[in-house]
Amino acid sequence: MSKVKFNKETGPREVFCGLTSIVWLHRRMPDAFFLVVGSRTCAHLIQSAAGVMIFAEPRFGTAILEEKDLAGLADAHEELDRVVNDLIARRPEIKTLFLVGSCPSEVIKLDLATVAEKLNKRFIGQVRFVNYSGSGIETTFTQGEDGALKALIPLMESSNEEKLLLVGTLANNVEDRFKKIFRNLGISNIESFPPRQSTELPKIGKNTKVLLTQPYLSDTVRDLKHRGCEIISAPFPLGIEGSTKWFLAAAKAFNISELKLHEIISPLINRSKLALESHKEILKGKRLFLLPESQLEISLARFLHNECEMDLIEVGTPYLNKDLMKEEINLLPDNTKIVEGQHVEKQLDRVRESNPDLVVCGMGLANPLEAEGISTKWSIEMVFSPIHGIDQAADLAGLFSKPLKRNQILTSKTLVTH
Amino acid sequence: MELTLWTYEGPPHVGAMRIASSMKDIHYVLHAPQGDTYADLLFTMIERRGQRPPVTYTTFQARDLGGDTAELVKKNIKEAVERFKPKTLLVGESCTAELIQDQPGALAKGMGFDMPIVNLELPAYSKKENWGASETFYQLTRTLLKEKVSSSEKISPLRWKELGRRPKVNILGPSLLGFRCRDDVIEIQRILSEQGIDTNVVAPLGASPDDIKRLIDAEINICLYQEIAEASCEWLRRNFGMEYTKTIPIGIKNTVEFINEVHNKLDLPLTNKEELEHKSKLPWYSKSVDSNYLTGKRVFIFGDGTHAIAAAKIAKEELGFEVVGLGTYSREMARQVRATAKELNLEALITNNYLEVEDAMKKAAPELILGTQMERHSAKRLGIPCSVISTPMHVQDVPARYSPQMGWEGANVIFDDWVHPLMMGLEEHLIDMFKHDFEFVDGHQSHLGHTATKTENFVNSEDKEDKNSKEGIIWTESGRAELTKVPFFVRGKVKTNTEKYAILRGIPEISDETLYDAKAYFS
């Protein structure tokens, strides 16, 4: 392990809660509905993060708790039953309904597991119900996906068939690219989790080799291990280096020679390096500060330093699973400062003191930092854009070079002519 | 429990944030879990604010719940006060913290600070954003002014005469995330100053706690947005005798009435009465012959109480539209909206469910929709022109240009904003009329895109599925052919009316003649 410096910080945080992950999960599984059992705050959070208005009827919603639901839990269970019945009557195309716990439902101890069990019996053969918590008291942003995937694992049948299982939501086009490369490598049995249809869950067992696409799936990994799956240890497929090592780890697990892999991916690497050049020119030597939010921060720091030659001031992460992040941390330069957790005020003090060229942060902080003259990139864009894989390395770099380029354009001297 | 896919209003603590963020020298410590910090982006992204809202979130986690969350609250309050040095501290809780009952307000008051502390109790499971904003502004006003209540004499609106100066008023209600508040304030101040009236304080937008303490230096209050300021105005009236205005100056008639009301209250002679109607282009633009085609345009209105009521009046009296639907999501203003609807022979739609609004829009078959951003999206699907008149805020509702809704310039803005989509609507009609001409390029699209065509299909396909309506009425070939010739935006209405007529007369089959019979009957 490289000699990185680990720090922990507690205090007021400026991060999304796990409910936010519904925004990409519902797009991944168009036959599923995500029903948050929560408050008006939860509903408002999701619609603010997701731009709900573009949907005629979104495939997510909130059963908003009212005063009478808080008075007696028995009534709350009945009420939830009624809401679910109405919803299924209105949306008969729903195949899987996720009951998503929230801060208030967790605090009043609303037992969504029991509710889901009852509903499963009633709607057998029509709709499946699973539950997980996306509450802010337990989960940060992308961790919501961890909860949703973990909840699906018990529904996955067992099979000892050898297969490669890609775990973590990917953009569809990226997923297709990955599968094509793996097939060319000679791995024919490849599946994804989550699947594109919630009902088409992959079968898993002792010959399932899991390759993670996202770094925020601690609980899912644990449960997959319990089901006998082998977890392939690798960095995450962000950037050329990460993706190459990721492919390499998979090739190794399937006893495919390194030479063969290089034969297939070398042309991809070469053209991607070329595409990366123009971004590197902008990013090189620029100083980067990553605030914690998406949990992708460590992988992004590794990519932006190793491949784009940025200097790392501080790498924030909402939480740190050293085991899962081992391969990533090994690739970081010595003396990288990793800060787990957050005290947003103290962290912003450090941002100002260190005078960075670029700050990766949440949407709540971006404009205020810009107003102080600090360029920013909002982290939520990472979870909506296809950024994985060798082919996407330049696009990923582009997300960071664009604000700098824009800043250059807007502050360039040629503008000041009048 | 209420199933909500989308909501017009956020929770009440977001209302409190609107007040805190609108003001200076205030800090709000909000006992809330992580995730609730999303609300910051409403201000930094939608309003494009260059400052963070002055809010500290305690961000307690599940593991804190077993321990001492009260200590966590106190730690955050202490740090926030040391760092931000506010002149007044707001302390409250969001939905989850309300359940764990740490009473952060009481904790803060026990910490020995000498600044005023406002303990906000905003019931998250029964109230909403605007109520939260109103309650926060009221509690703040009360806290900062209560010491002066007993010592003060009632404030006479005529006091300015004794003091030998121009009359002074406060403008109360404008806040961040309020619809065009930034520009309304400028417009109203301009109008008042033209009339020889000075603005004492504008609050909450841009005010500090010291400004709130000075509210009683004015003679009367202008209640600019009832949703936010009525409770405070009422308290100031009861305790200091300060009168406040009831007219919302949106539209020409309301602006004139507003100026009259202010002058009457202050007993200030109105010397430029004749001039007033010429200060906006709306009256002439509306009278000019080009606007003839606006007559009787069917308009559907939905928004917050203040803007929906004002829009109904402008639509009917100043533009000559026919209001065919009126509603609001502001339950606090339901009574007033119902009264306005009744005057228009309508039943008001009071709901927080946008799908109900969309259904009502479909049924009313309007030619123009005045609504929120959500109605703009629904309208797009229905192929009906729309203009946005009310919150909830969207980044488009914070235009770079000066764009008030109130006063003279507000009326100009309204004329343009409401009529321009209709011009396009007229273009749509022309396309419909000339689509069989050989010069006409198939697939020509106006700004409404494909949806307008779909609306035709919507009526037609409904026919196919439901050829025989419930009452057993059949549309004959000639009837159907005639129906397709009716302009798309009234086709739904014509269809319903014809069927209604057929039922009334016991006509089993609707032919082209029935259509004309029905037309004559209903006109």
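## Exercises on a two-chain model

Apart from its neighbours within four places in sequence, Asn7(A) has contacts with Lys337(A), Ile338(A) and Val339(A), where two residues are in contact if their C-beta atoms, placed from the backbone, lie within 7 Å. The model is a predicted one, in which local features need pLDDT of at least 70 and side-chain atom pairs count only at pLDDT 80 or more, while totals for chains, interfaces and linings use all residues. Residues are numbered from 1 along each chain as its sequence is written, and chains are lettered from A and ligands numbered from 1 in the order in which they are written.

**Exercise 1.** Determine whether Asn7(A) is buried or exposed.

*Solution.* Begin with the place of Asn7(A), which is in strand S1 (residues 5-9) of chain A; helices (H or I, at least four residues) and strands (E, at least two) are DSSP runs, numbered from the N terminus. Next, recall that a residue is buried if 20 or more other C-beta atoms lie within 10 Å of its own, exposed if 12 or fewer, and partly exposed in between. Asn7(A) has 11 other C-beta atoms within 10 Å and is therefore exposed.

**Exercise 2.** Describe the side of chain A that touches chain B, and find which helix supplies its largest share.

*Solution.* The contact takes 53 residues from chain A and 48 residues from chain B. Among the elements of chain A that each supply at least two residues to this side are helix H2 (40-50), strand S3 (60-64) and helix H4 (73-90), and the largest share, eight residues, comes from H2(A). By type, the residues of this side are 31 nonpolar, eleven polar and eleven charged, where Ala, Val, Leu, Ile, Met, Phe, Trp, Tyr, Cys and Pro count as nonpolar, Asp, Glu, Lys and Arg as charged, and the others, Gly among them, as polar. Finally, S3(A) runs antiparallel to strand S1 (residues 2-4) of chain B, joined to that strand by three bridges, and Ala63(A) has Leu3(B) as its bridge partner there.

**Exercise 3.** Work out how H21(B) is oriented relative to H23(B).

*Solution.* Helix H21 (residues 477-485) and helix H23 (residues 512-522) of chain B pack at an angle of about 55°, with their axes 6 Å apart. Angles under 35 degrees count as roughly parallel, over 145 as roughly antiparallel, 65 to 115 as roughly perpendicular and the rest as oblique, so H21(B) is oblique to H23(B). The residues of H21(B) in this contact include Ser478(B) and Leu483(B), and those of H23(B) include Asp512(B).

Methods. Two strands pair if DSSP finds at least two bridges between them. Axes are lines fitted to C-alpha atoms, for helices over the stretch in contact, and angles run from 0 to 180 degrees between N-to-C directions.
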